[in-house]
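Colleague: Please show me the model, and then we can go through it by question and answer.

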Amino acid sequence: KEHNIKIFPDYQVVAVTGDGTNDAPALKSADVGFAMGIVGTETAKQACDIILLDDNFSSIVKAAMWGRNVFDSISKFLQFQLTVNVVAITLAVVGAFAYSESPLTAVQMLWVNMIMDSLASLALATELPTKELLDRMPYGRRRPVISKVMQANIIGHSLYQIGVLLWLLFAPQTIPFLDPPITHDPTQGSVHWSVFFNVFVLLQLFNEFNSRRLPTIEKLRSTASEWNVFNGVCSNPVFVAVMVSTFLAQIFIVQYGGLAVNLVHGGLTRDQWLFCVVVGMFGLVWQLIINFLIVRLMKSSSEEETNSIEQSIRKMSTRSLGDVKDDTSIDDAESHREKSLPQANWDKFRAGVRQGNIYKDMMGGSSFRSGHKLGSIVKTRLDDQKEAKKKIEVSEKLFSSEKSLKQD
């Protein structure tokens, strides 16, 4: 309780530091307990989650920075791998129904799995943490690993890749600017399925550049650098080395693998390679289109929070007005509310809600973000004002009766 107001839990992560035996219960109960490694007692070390070996509080900042970096690395890898899985499974099912076999053979799938698992984890999980990670707000324990922006990226790139690959699978002869054109020949070792395999791999290769970015809706709207998937790519030499080695290995497999990997003998021509690279690189342009749709169609977390709070206020207003009908507008409810809530406080409350800022307790000044908390604040303030009004009426009656007695 704070100022006789019940604060509802908002699922924030609580961290505690301590070094003595008496700190052990708090270290054990906290979500994250930090104990001092030099001056800390053995009991505190056993009860904590993390031990600061140098007893330096700046190590907590480094721990938070590395923790956020690990979380982002997992999200990047999932964003990439789920896209590959959705595309590969869809094409395997379609190929099985259409041609009674998968367009990707077992040997080719082994190479795709290397790109998906080993090489992708090296490329996407070796990003070093930066101080920019500390500028964002905490995610909170209820935030899913796959965010809404990640879902949009996974669905968007899956649709693009599936559409292009189905076009290559069923109508390769319609590809423009190829001389001679690719004939429809759905057999292993043909030019048709060699181009199909090459396009599939290059789509995943260029999608790794898209997957290394985890933008938010707020940053996409305010920061131009969030639209650039190559921003900071040279700061991770492992990523660059993996991309270059994977591309060179793909060239060697397609040109010299031959029947060993069920591809056409002699490899692809220059025009066919140019087509495959252009289709793969268009995935970078497709990411810009996805970002544009995200900015235009999706709401940010702050906007969703504001809308939920406004809905809770609307429900609270209608519940507290017994003589207001169900179809009463919010403006009528507000005018009725003015009878029980001072106009200045109510206007301040409405302004805070409509601006979407951090909402403050009108009496104590404490900051709250939850709609439940705001509801409890308003309800408590109304109850307090009713009690104060009753006390004023009683005091006025006592004063008038005392005054009449003195006159008598």
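This is a predicted model: local features need pLDDT of at least 70, side-chain atom pairs count only at pLDDT 80 or more; totals for chains, interfaces and linings use all residues.

**Surface, helix and salt bridges**

Modeller: Residues are numbered from 1 along each chain as its sequence is written, and side-chain values use heavy atoms, with hydrogens and water left out.

Colleague: What share of the 408 residues in the chain is buried?

Modeller: Buried means under 20% relative accessible area, exposed means over 50%, and partly exposed lies in between (1.4 Å probe, protein chains only). Of the 408 residues in the chain, the buried share is 40%.

Colleague: How many helices and strands does the chain have?

Modeller: Both are DSSP runs numbered from the N terminus: helices are H or I with at least four residues, strands are E with at least two. The chain has five strands and 13 helices.

Colleague: Why does the end-to-end distance of helix H4 agree with its number of residues?

Modeller: The expected span of a helix is 1.5 Å times one less than its number of residues. H4 has 19 residues (106-124), so it should span 27 Å. The end C-alpha atoms of H4 agree with this, at 25 Å apart.

Colleague: At which residue does H4 bend?

Modeller: A bend at a residue is the angle between axes fitted to the seven residues ending there and the seven starting there. For H4 this angle is about 35 degrees, at isoleucine 115.

Colleague: Which helices do the buried residues of H4 pack against?

Modeller: The buried residues of H4 include Trp111, Ile115 and Leu119. Contact means heavy atoms within 4.5 Å. The helices that the buried residues of H4 pack against are H3 (58-99), H6 (191-211) and H8 (237-256).

Colleague: Which residues does glutamine 81 touch, not counting residues up to four places away in sequence?

Modeller: Glutamine 81 is in helix H3. Its relative accessibility is 16%, so glutamine 81 counts as buried. Not counting residues up to four places away in sequence, glutamine 81 touches Met116 and Asp117.

Colleague: How many salt bridges does a search of the whole structure find?

Modeller: A salt bridge needs a side-chain nitrogen of Lys or Arg within 4 Å of a carboxyl oxygen of Asp or Glu. With that rule, the number found in the whole structure is two.

Colleague: How many residues apart in sequence are the parts tied together by arginine 212 and glutamate 127?

Modeller: The side chains of arginine 212 and glutamate 127 form a salt bridge at 3.2 Å, N to O. Arginine 212 lies in the loop between H6 and helix H7 (217-222) and glutamate 127 in the loop between H4 and helix H5 (148-170), so the parts this pair ties together are 85 residues apart in sequence.

Colleague: Is arginine 213 buried or exposed?

Modeller: The side chain of arginine 213 meets that of glutamate 226 in a salt bridge (3.5 Å, N to O). Arginine 213 is in the loop between H6 and H7, and glutamate 226 in the loop between H7 and H8. With a relative accessible area of 15%, arginine 213 is buried.
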